[in-house]
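Good morning, and thank you for coming. Please look at the sequence and the structure as I put them on the screen.

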Amino acid sequence: MKIEIEIETRRSMIETALRDMIPGEDVRPASIHQAMRYAVLNGGKRLRPILALEGARLAGGEMERVLPFACAVELIHSYSLVHDDLPAMDDDDFRRGNPTCHKVFGEALAILAGDALLTRAFELPLMMMREPGIRCEDLMRAWNELACAVGSQGMIAGQVIDLESEGKWIDAETLRYMHRNKTGALFVASLKGGAMIFGASDRQLQALQRYAEHFGLAFQITDDILDVEGDEMLTGKPVGSDERSHKATFVSIFGLAEAKLMAAESVEQAVDSLGIFGKEGEFLRALAKSILERRQ
């Protein structure tokens, strides 16, 4: 399998859908829609919506039919980045090599753009409620999974711990808790949610949850590694920013060599989780392995 081609095919589908699902820049009030589109349509790996599409496919559905859910996932992720970048949070000037949303549009409009992206995300699944072959109870189950993943006991919880831990020593358990929620929860909800919409079995969902948990951990560890030895031109952010901000990372707690071993072990566990899918799980296996080759 040419994983790069498969990823790009899915990413292209998502990019087209995102452009259609965010109000145009000339829709009044233009400033908020310009900020929303700037925050979302500025690149990005689109891994979370890609996982949503793949979850749907593994459950026997067509990827195109789950695009509103996949786009909702990406809008939630984008809103979280806009807010994370604000001076009151991480105070970042650049995201993916471009000025952050608040640097371009001002803090007030950036806050509103994040709020609007989250609100728009809650609208999108309604587009699927009358789709033939999609049961409302399955759709609501997926949406509940996503809502819980990004609330005060999910993504927000991880961000709170991140803020409260800055400049402090934290233990390995707290670090894992932080990233299991801040990063991993949305990966899990994306993959499981896509599968839930098409009625995946409990056994399938358990396997997908294990995969996404290990995938998210490997992704976060490699993110921490790239902050130490990445190429700033590729990552779009200054190397060493975590250390300068006194952030706890897998590298700062375990060391670079051990962090690399942990990333490889997490990828292996993710791959091992997919046994019940046979050859159908090959895309997810290749996607997990590609994490270890990340350069951005």
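R96 sits in the loop that joins strand 1 (94-95) to strand 2 (98-99). Helices (H or I, at least four residues) and strands (E, at least two) are DSSP runs, numbered from the N terminus. The model is a predicted one: local features need pLDDT of at least 70, side-chain atom pairs count only at pLDDT 80 or more, and totals for chains, interfaces and linings use all residues. Residues are numbered from 1 along each chain as its sequence is written, and side-chain values use heavy atoms, with hydrogens and water left out.

The phi angle of R96 is near 55 degrees, a positive value in a residue other than glycine. R96 counts as partly exposed because its relative accessibility is 26%. Here buried means under 20% relative accessible area, exposed means over 50%, and partly exposed lies in between (1.4 Å probe, protein chains only).

R46 also has a positive phi, near 60 degrees, and is not glycine. R46 belongs to the loop between helix 2 and helix 3 (47-58), and at 2% relative accessibility R46 is buried.

Let us continue into helix 3. How many of the 12 residues of helix 3 are buried? The number is 11, so helix 3 is largely enclosed by the rest of the structure. Among the buried residues are L47, P49 and E54. Helix 3 reaches 16 Å from its first C-alpha to its last, close to the 16 Å expected at 1.5 Å a residue; the expected span is 1.5 Å times one less than the number of residues.

I turn now to salt bridges. A salt bridge is a side-chain nitrogen of Lys or Arg within 4 Å of a carboxyl oxygen of Asp or Glu. The structure holds 20 of them. In one of these, E54 pairs with R57, and the closest N and O atoms are 2.6 Å apart. Both residues lie in helix 3, 3 residues apart, about one turn of the helix. E54 is buried at 0% relative accessibility, whereas R57 is partly exposed at 23%.

What does the salt bridge between D223 and R294, with its closest N and O atoms 3.2 Å apart, tie together? D223 lies in helix 10 (residues 202-229) and R294 in the segment after helix 15 (282-291), so the pair ties together parts that are 71 residues apart in sequence. D223 is partly exposed at 21% relative accessibility, while R294 is buried at 10%.
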